[in-house]
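Subject: Structure handover

Dear colleague,

Here is the structure I said I would pass on. My notes follow it.

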Amino acid sequence: MRRLSVLSCLLLLGLVGCDFFVPNTPVTPTNTGDNIYVGNGNNTYLAGFGVSSSGALSVLSGSPYNNGVAAQSVTVTPANTFLYAGTTAGIYGYAINSNGSISIVNSGTAVAQDMVATQMQVDSTGNYLLASGIGTAVQAQAIGIYQINTTTGLLTALIGSPLALYTGSATSPTVVTPTGLLITPNNSYVYISLSTLGVQVLTLGTGGALSTGAAPTLLAPLSTSTSPADYGLASDPKTAFLFLAEINTGLREFSIGANGALSEVSGSPYAVGTGPTGVILDPTGTYVYVANKGSNNISAFTLTATSGKLTAISGSPFASGGQLPIAMINDNSKAFLAVINSGANGSSGNSDLQLFKFDTTTAGKLDAVSTATTGTDPTNPQSVAATH
């Protein structure tokens, strides 16, 4: 099994023969609260909510929390002990208290300042944080890899981090903001959406290198669409398929092969709403949901695990509960799905945060349960994370 734990030597391009290996042992959460956290783009606050067994949303103690600078990305460690917020001033860390409230660590100073992290994810062991965005030293797309101190929440950048990502032609580089990041459930591959440049494929190996190389493995946007751009990424629990929300194309689906190689599945791309941006599977890997930013709704499909075939769910697409939905998250109980709407919400029927439950009659159908505002509108939520 390929592991993120060897990244400290893998990032040295061409270096092989790393002599250590940490087994793939997913973390069992030590903090069991069911909480959702939202980073606002129009102010400097993080909003936190508790989720009841019925799906009611309650504001966590002290929320909203003033981060001092707007959060472009947020993520929670598998043990539910720390939350990280990526901003233009670096990455900030928070301890998650037993009641779900958060307390800033490192005396309020950023725990990493070499990346403007627009996408972040912690690996399943809880030991490493990956952050794609713009490297502050190079002012171009890069990926930062940090070891997490699981006691203090502080981050240590590994040797060679941040690692430069694909910029297109070497003579005329294109700087883009990474729009999606996914560590596959088996911790073997990393996929990074680079908007109009496509999706970069990185393989994690115990004796090879995590490297862009002279000819990086890249999945280009579908050339038959008009001005395609790649955004949200998701995978099924078995890491058999990759799902990609591609603006002006639809939902693309790929089978995942050796070294993370991608082969488009028959029937892909699938038609969805306007401006597909976010994509997620339900916790069982049975249903696929796409947040359509341009049409304010969510397309839903049933996944056939053997073939990868997608079948539209009756009633799809479902209203997102607000304007400009961009991202979704499953809650800790696995009974609910939350979507953030990034537009000018706040009026009746237009919520920053919309919580859905899975219908008990029509498989995969989404039923609206509760809503919440994340501050004084317009808050323009940009990122969402939840306890595991």
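The count of salt bridges comes to two, where a salt bridge is a side-chain nitrogen of Lys or Arg within 4 Å of a carboxyl oxygen of Asp or Glu. Before the details, the basis: this is a predicted model, in which local features need pLDDT of at least 70 and side-chain atom pairs count only at pLDDT 80 or more, while totals for chains, interfaces and linings use all residues. Residues are numbered from 1 along each chain as its sequence is written, and side-chain values use heavy atoms, with hydrogens and water left out.

Salt bridges

E246 pairs with R252, with the closest N and O atoms 3.0 Å apart. R252 also forms a salt bridge with E264, where the closest N and O atoms are 2.8 Å apart. R252 belongs to strand β20 (residues 250-256) and E264 to strand β21 (residues 262-264), so this pair ties together parts twelve residues apart in sequence. Strands here are DSSP runs of E, at least two residues long, numbered from the N terminus.

Burial is given by relative accessible area: buried means under 20%, exposed over 50%, and partly exposed in between (1.4 Å probe, protein chains only). E246 is buried at 0% and R252 is buried at 3%, whereas E264 is partly exposed at 34%.

Strand β6 and its neighbours

Six of the six residues of β6 are buried, so the strand is largely enclosed by the rest of the structure. F82, Y84 and G86 lie on one side and L83, A85 and T87 on the other. Strand β5 (residues 73-76) runs antiparallel to β6 and is joined to it by four bridges; two strands count as paired if DSSP finds at least two bridges between them. V76 stands opposite L83. Five residues separate the strands in the hairpin of β5 and β6, and N80 takes a positive phi near 65° there. On to β7 (residues 90-96), β6 is joined by six bridges, again antiparallel, with I91 as the bridge partner of G86. The hairpin from β6 to β7 has two residues.

F82 is in β6, which spans residues 82-87, and has a relative accessible area of 6%. Its contacts (heavy atoms within 4.5 Å), leaving out residues up to four places away in sequence, include V76, Y94, V105 and T151. F82 and I148 are 66 residues apart in sequence and 9.8 Å apart in space, C-alpha to C-alpha.

S132 lies in strand β10 (residues 128-135) and is buried at 0% relative accessibility. Beyond its neighbours within four places in sequence, S132 touches residues including M115, A142, L181 and I192. I192 has Q200 in β16 as its bridge partner. Strand β15 (residues 189-193) and strand β16 (residues 199-203) pair in the antiparallel sense over five bridges. An open sheet of four strands, paired antiparallel, has the order β14-β15-β16-β17. Its edge strands are β14 (180-183) and β17 (218-219), each pairing on one side only.

Aromatic pairs

There are two aromatic pairs, defined for rings of Phe, Tyr and Trp (its six-membered ring) with centres within 6.5 Å; planes under 30 degrees apart count as stacked, over 60 as edge-to-face and the rest as tilted. Y289 and F358 have ring centres 6.2 Å apart and planes at 35°, so the pair is tilted. Y289 sits in strand β23 (residues 287-292) and F358 in strand β29 (residues 353-358), 69 residues apart. Y289 is buried at 0% relative accessibility.

Regards
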